[in-house]
Amino acid sequence: MSAPAVPLASTARRAAAMSACPVHSLRGKLRQARLRPTRQRIALGWLLFGRGNRHLTAEMLFEEARAAKLPVSLATVYNTLHQFTAAGLLREIAVEGARAYFDTNPTPHHHFLVEETGALLDISDRDIALGPLPLPPPGCEIAGVDVVVRVRRAAQKGG
Ligand SMILES: [Zn+2]
């Protein structure tokens, strides 16, 4: 049996965590997008970008902010989401009616919409092929194509 390697492992983990410090990279991300890294942007950005690729409505982010005891209003959450979107850090996806999702992965990709829950899931680029696109209306050009594939729980078979 070898000696417990806990202290060494935790030191290595700490070093790794520091080199990929989320707040540090978030500040860089904001500066790159020409957004001043204010306390509120850092706090909301931490919630948004700290957990991988996500799809959030303003209300969902507001609830997370409240749970994290951040003193922000829903209006501030909306404004911040739209500033991040305008700066290219988020992509806004209008799914239905008044509901808009903000995607922390701003690169073009497509989604499943789960009808029961309203949740969005990414579709891998490999798994979808687009046919020829229609000609845009006069004076317009195609800015992007967002495919939303609606899914629902399949009916139970047999049994
Ligand atoms: Zn997505």
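Helix H3, residues 39–49, and helix H4, residues 58–67, have axes that come within 10 Å and cross at roughly 110°. Please keep in mind that this is a predicted model. Angles of 65 to 115 degrees count as roughly perpendicular, and H3 and H4 are therefore roughly perpendicular to each other. Their crossing is right-handed.

Which residues make the contact? From H3 they are Leu44, Leu47 and Leu48, and from H4 they are Leu61, Glu64 and Ala65. By type, the residues of this contact of H3 with H4 are five nonpolar, no polar and one charged.

Now to H3 by itself. Its residues Arg41, Leu44, Gly45 and Leu48 are buried. They lie on the same side of H3, because the arc they cover around the axis is only 105°. As background, an α-helix has 3.6 residues a turn, so residues three or four places apart point the same way. Two of the buried residues, Leu44 and Leu48, also belong to the contact with H4.

The crossing of H4 and H5 is right-handed.

H4 brings Ala58, Leu61, Phe62 and Ala65 to this contact, and H5 brings Leu74, Val77, Tyr78 and Leu81. These residues divide into eight nonpolar, no polar and no charged. Leu61 and Ala65 of H4 are listed here, and they are also in the contact with H3.

Technical notes
Residues numbered from 1 in each chain as written. Predicted model: local features only at pLDDT ≥ 70, side-chain atom pairs only at ≥ 80, totals over all residues. Buried ≥ 20, exposed ≤ 12 C-beta atoms within 10 Å, placed from the backbone. Helix = DSSP H or I, 4+ residues; strand = E, 2+ residues; numbered from the N terminus. Arc of directions from axis to C-beta. Axes fitted to C-alpha atoms, helices over the stretch in contact; angles between N-to-C directions. Parallel < 35°, antiparallel > 145°, perpendicular 65-115°, else oblique. Left-handed = near helix turned anticlockwise from the far one by under 90°. Contact = placed C-beta atoms within 7 Å. Nonpolar A, V, L, I, M, F, W, Y, C, P; charged D, E, K, R; others polar.
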